[in-house]
Amino acid sequence: MNTGQKTVPLGITIRRDGQPYTAVGDMGYVNRFGEPGIVQHWVSACPECGADFPTYRKAGLLPDIRRCALHRKPGKRVAK
């Protein structure tokens, strides 16, 4: 599926505010308007418990989930 969206190569690790995220996959999807797109699958470690957790984000955007589902704290920043 060629959507013109840029994806990060699989296996690449990036850091966002010091937290590492590894790109492990991507998949195509069709949005509610019928337009094709790509979602990138990332994995990171929860800073609270250390457990790996998945996060999904539209291609071209950085991951924004910082903690696993058990330790979610919306609006609270991760201590560095």
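Is Arg57 buried, partly exposed or exposed? Arg57 is partly exposed, with a relative accessible area of 26%; buried means under 20%, exposed over 50%, and partly exposed in between, using a 1.4 Å probe and protein chains only.

## Basis of the model

The model is predicted: local features need pLDDT of at least 70, side-chain atom pairs count only at pLDDT 80 or more, and totals for chains, interfaces and linings use all residues. Residues are numbered from 1 along each chain as its sequence is written, and side-chain values use heavy atoms, with hydrogens and water left out.

## Strands and hairpins

Strands are DSSP runs of E with at least two residues, numbered from the N terminus. Two strands pair if DSSP finds at least two bridges between them. Strand 1 and strand 2 run antiparallel and are joined by 4 bridges. Arg16 stands opposite Gln19 in strand 2. These two strands form a hairpin with 2 residues between them, and Asp17 in the turn has a positive phi of about 50 degrees.

Strand 2 is also joined to strand 3 by 9 bridges, again in an antiparallel arrangement. Gly28 has Ile38 in strand 3 as its bridge partner. The hairpin of strand 2 and strand 3 has 5 residues between the strands, and Gly34 in the turn has a positive phi of about 85 degrees.

## Salt bridges

The whole structure contains 3 salt bridges, each a side-chain nitrogen of Lys or Arg within 4 Å of a carboxyl oxygen of Asp or Glu. In one of them, Asp17 meets Arg66 at 3.5 Å, N to O. This pair links distant parts of the chain, 49 residues apart: Asp17 lies in the loop between strand 1 (13–16) and strand 2 (19–30), and Arg66 in the segment after strand 4 (52–58). Asp17 is partly exposed, at 45% relative accessibility.

Arg67 and Glu48 form another salt bridge, with their closest N and O atoms 3.4 Å apart. Here too distant parts of the chain are linked, since Glu48 is in the loop between strand 3 (36–45) and strand 4, 19 residues from Arg67. Arg67 counts as buried because its relative accessibility is 6%, whereas Glu48 is partly exposed at 41%. Asp64 and Arg57 also form a salt bridge, at 3.2 Å between the closest N and O atoms. Asp64 is partly exposed at 38%.

## Around Arg66

The side chains of Arg66 and Gln19 are joined by a polar contact of 2.6 Å. A polar contact is a pair of N or O atoms within 3.5 Å; within protein, one must be able to donate a hydrogen and the other to accept it, and residues adjacent in sequence count only if both atoms are side-chain atoms.

Not counting residues up to four places away in sequence, Arg66 touches several residues, among them Tyr21, Cys46, Phe53 and Val78; contact means heavy atoms within 4.5 Å.
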